[in-house]
Amino acid sequence: MRIGVLTGGGDCPGLNAVIRAVVRKGVEVYGHEFVGFRDGWKGPLEGLTMELGVPQVRGILPRGGTILGSSRTNPLKVDNGVERIRENLDRLGVDALVAIGGEDTLGVATALAVAGLTVVGVPKTIDNDLGATDYTFGFDTAVQIAVEAIDRLHTTAESHHRVLIVEVMGRHAGWIALHSGLAGGANVILIPEQPFDIDGVCRYIEQRFASHYAPIVVVAEGATPKAGTIAQQEGELDAFGHMRLGGIGLLLEREIEARTGYESRQTVLGHVQRGGTPTAYDRVLATRFGLHAIDAVHGGESGVMVALRGTDIVRVPLEEATRELKTVPVERYAEAEVFFG
Ligand code: F6P
């Protein structure tokens, strides 16, 4: 078989580990050939390819980013997008695609599988918000980076008796904030799933100062204040209709300082959370996803995604995986709330 591989959406540590596993097993165990598609769905849409064989995947296991490049191109929003992809795959002699991506990339994979193309999905996102899999690779690395930052911020917050606010990624789901806040001993964690009450946040801050510790507030970029309290965030939309966020940390810095009188500083971790080398956990998970994805393609499957259930890698229908986002349940947030204040 000739198999195309692409990585779409926001990049994430571990993408190269998946590509390496797919290619190594595909070539060495099954004798398949590969074509690399560049820059997410833009590759198959515009016929942008690169050579992809064992020599190209040597040494990439610990490297962050993706050797294939990525983009947020949405072929479903382009005239005849699906037909253009079908024509390019036929012309290049590509029999099947391995699409590595999050909800958007896999949403397109789902539509292409329904349209009759052979597509197998691999879940990726630092946000860990894809349904049908217990974890996505990239999440562990992002949490580790955030925790290292929080550990450092604790010491400078103590020295200056300041409030330090750490804004982490997470548009619709607060998994990074929840895990890094728990592991980093945050004073309060704010997530998109639970609109926050600014007065309550300020009470936690005062409580923390009263016990002679400087507070750290961990906030997900998509967190919002309760309706009618402070102004909401606004921003431009991308090709999948997602708002470009950022700004909640600054808003909190100003509000907290004005309401409590304590000096406050924000740190926005931003794309630092997506860069650099993956943790060992993410390398192993990404490698196992890659191995199982090529097994699925070799076995003639389509419209499926590999997923982690407990410690097993299973296959689930792509439609199920992209139906709804996995957000933080109330009871998981309640576990963290015990440590607020
Ligand atoms: O989906 C992954 C993610 O890192 C989100 O956490 C974040 O909101 C978004 O991508 C940022 O996207 P971009 O890199 O396009 O600004």
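Predicted model: local features only at pLDDT ≥ 70, side-chain atom pairs only at ≥ 80, totals over all residues.
I started at Arg 86, which comes out partly exposed at 24% relative accessibility.

Next I looked for its partner. Arg 86 forms a salt bridge with Glu 83, with the closest N and O atoms 3.3 Å apart. Both sit in helix α4 (residues 81-92), three residues apart, so about one helical turn separates them. Glu 83 is partly exposed too, with a relative accessible area of 36%.

Then I checked for shared partners.

How many salt bridges does the whole structure hold? My search of it turned up twelve.

On to helix α1 (residues 15-28), where I found Arg 24 and Glu 28 four residues apart, about one turn of the helix. Their side chains meet in a salt bridge at 3.0 Å, N to O. I have Arg 24 down as partly exposed at 26% relative accessibility, and Glu 28 as partly exposed at 46%.

Which residue does Lys 25 pair with? I get a salt bridge to Asp 295, the closest N and O atoms being 2.9 Å apart. Lys 25 lies in helix α1 and Asp 295 in helix α10 (residues 280-298), so this pair ties together parts that are 270 residues apart in sequence.

Is Asp 295 buried or exposed? Asp 295 has a relative accessible area of 18%, so I put it down as buried, the cut-off being under 20%. Lys 25, at 22%, goes down as partly exposed.

Methods
Residues numbered from 1 in each chain as written. Heavy atoms only, no water. Salt bridge = Lys/Arg side-chain N within 4 Å of Asp/Glu carboxyl O. Helix = DSSP H or I, 4+ residues; strand = E, 2+ residues; numbered from the N terminus. Buried < 20%, exposed > 50% of the residue type's maximum accessible area, 1.4 Å probe, protein only.
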